[in-house]
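Welcome! Take a moment to look over the sequence and the model, and then we will go through some of the details together.

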Amino acid sequence: MTGDVEQEGDINDDEAEGLRKIIHVDMDAFFASVEQRDDPTIRGKPVAVGGSSGRGVVAAASYEARLFGVRSAMPSVTAQRLCPDLIFRKSRFDVYREVSQQIRAIFHDYTPLVEPLSLDEAYLDVTEDRHGLGSATRIAQDIRRRIRAETELTASAGVSYNKFLAKLASDQNKPDGICVIRPGDGAAFVAKLPVTRFHGVGPQGSEKMARLGIETGADLAAKDLAFLRANFGSFADYLYRAARGIDLRQVRAHRVRKSVGGERTFHEDLSNPTELREAMDRIVDIVWERIERAEAVGRTVTMKLKYNDFTIVSRAATLNRPVEGKAEFGRLGHALLAEMLPLPRPIRLMGLTLSKLDGVDAKGGGRGDVGGGGAQQLSLL
């Protein structure tokens, strides 16, 4: 669905009194859209950003490519099989950063409370109506209008009274849409959604929930906190609140990211050294794209392996300076893997994380399920 589509009307000053007004802005197929903007010959055609070689991975896909099932984090050979006419473009992060800076300048014209999540998305707290536009919805519409006028790109926006709902809303009417969840409507909105739409619920988590009879927000809300804690541990409190549309987090203009990473669960257990190295190459491609998207700089690379008996081991390497680029990140990942070979038993999962970001000594947070696409996801198992 496209266009300025609103959910249940507007959020005005009277009904939102005492509540925050949060906008989540998410650029539509950002990397691929920039490539289409800069090369008119590929507009309207299926485009993938990333490597087209046998070991390449799709970093981003245009909406035309997504119609064929092409998704980010997908091996390029799979993408080409799904879409034989797929056009590949190499990543140009210098250009994406420049455009991202243009977009952030627009955000800061409306509020100083901007929390970037990556180059292409951010939360904005517009409780204070700096330009007197009258509502958060009108502010979101004006931001989207300016992004289109100044960058020739489209953005989708979600408007609500907390971050969780605003992010859900921004996905609701993509591309080039807007969705508003008014005060009092959050729980009803969440109840209708599949749990796969919840941030943090990856493929494995949704499978576990399905086994427990949880497929929608309403199913999740029907479970008490004791049940959720027994099955999901520390993740239970988040799930309990999310199922009710509750999120007390503030928009933090200077949020410190602790780590950036990703992990991949394999369809078949791996033990062959050649297959393990190829898997490492793909994970390096995916995770480094996330690192660049997040503009992260770090000194520690950690490799995580999960054996087929679910035992987890990890190895880490820390430099006395930031990792200089993808090549060094990959070398460190492969060196950590080499220390483990030959493996005592096959593995079902491999992951890489970059931490000690911006001088922060951190060991957790920010890991993602590579198999789940662009969104970063927490494991529920």
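Are F30 and F31 buried or exposed? Both F30 and F31 are buried, where buried means under 20% relative accessible area, exposed means over 50%, and partly exposed lies in between (1.4 Å probe, protein chains only). Please keep in mind that this is a predicted model, in which local features need pLDDT of at least 70 and side-chain atom pairs count only at pLDDT 80 or more, while totals for chains, interfaces and linings use all residues. Residues are numbered from 1 along each chain as its sequence is written, and side-chain values use heavy atoms, with hydrogens and water left out.

**The overall picture**

- The protein has 13 helices and twelve strands; helices (H or I, at least four residues) and strands (E, at least two) are DSSP runs, numbered from the N terminus.
- Of the 381 residues in the protein, 51% are buried.
- Among contacts with a separation of 6 or more, 67% are between residues 24 or more positions apart; a contact means heavy atoms within 4.5 Å.

**Aromatic rings**

- The whole structure holds nine aromatic pairs. Rings of Phe, Tyr and Trp (its six-membered ring) pair if their centres lie within 6.5 Å, and planes under 30 degrees apart count as stacked, over 60 as edge-to-face and the rest as tilted.
- The ring centres of F30 and F31 are 5.8 Å apart and their planes meet at 50°, so this pair is tilted.
- W288 and F329 also form a tilted pair, with 5.4 Å from centre to centre and 40° between the planes. This pair links distant parts of the chain, 41 residues apart: W288 is in helix α12 (residues 273-293) and F329 is in helix α13 (residues 326-340).
- Both W288 and F329 are buried.
- F30, F31, F93 and Y96 are linked into a cluster by ring pairs.

**Charges over rings**

- K223 has its charged end over the ring of F227, 4.9 Å from the ring's centre. For this label, NZ of Lys or CZ of Arg must be within 6 Å of the ring centre and within 35 degrees of the ring normal.
- R244 lies over the face of Y240, and here the distance to the ring centre is 3.7 Å.

- Four of the five residues in strand β5 (residues 114-118) are buried, so the strand is mostly covered.
- Strands β5 and β6 (residues 121-125) run antiparallel and are joined by four bridges; two strands pair if DSSP finds at least two bridges between them.
- A hairpin of two residues connects β5 to β6, and V114 stands opposite L124 in β6.
- E121 is in strand β6, and an unreviewed UniProt entry lists E121 for "active site". UniProt positions are given in the numbering used here, feature names are shortened, and annotations may be inferred rather than shown by experiment.
- Why is E121 called buried? Its relative accessibility is 17%, so E121 counts as buried.
- Leaving out residues up to four places away in sequence, E121 touches H24, V25, D26, P116 and K167.

**R37 and the cysteines**

- R37 belongs to helix α1 (residues 30-38), and R37 counts as buried because its relative accessibility is 18%.
- Leaving out residues up to four places away in sequence, R37 touches R43, V99, T151, E152 and L153.
- The count of disulfides is zero, a disulfide being a pair of cysteine sulfur atoms within 2.5 Å.
- C83 is buried, with a relative accessible area of 2%, and C179 is buried, with 0%.
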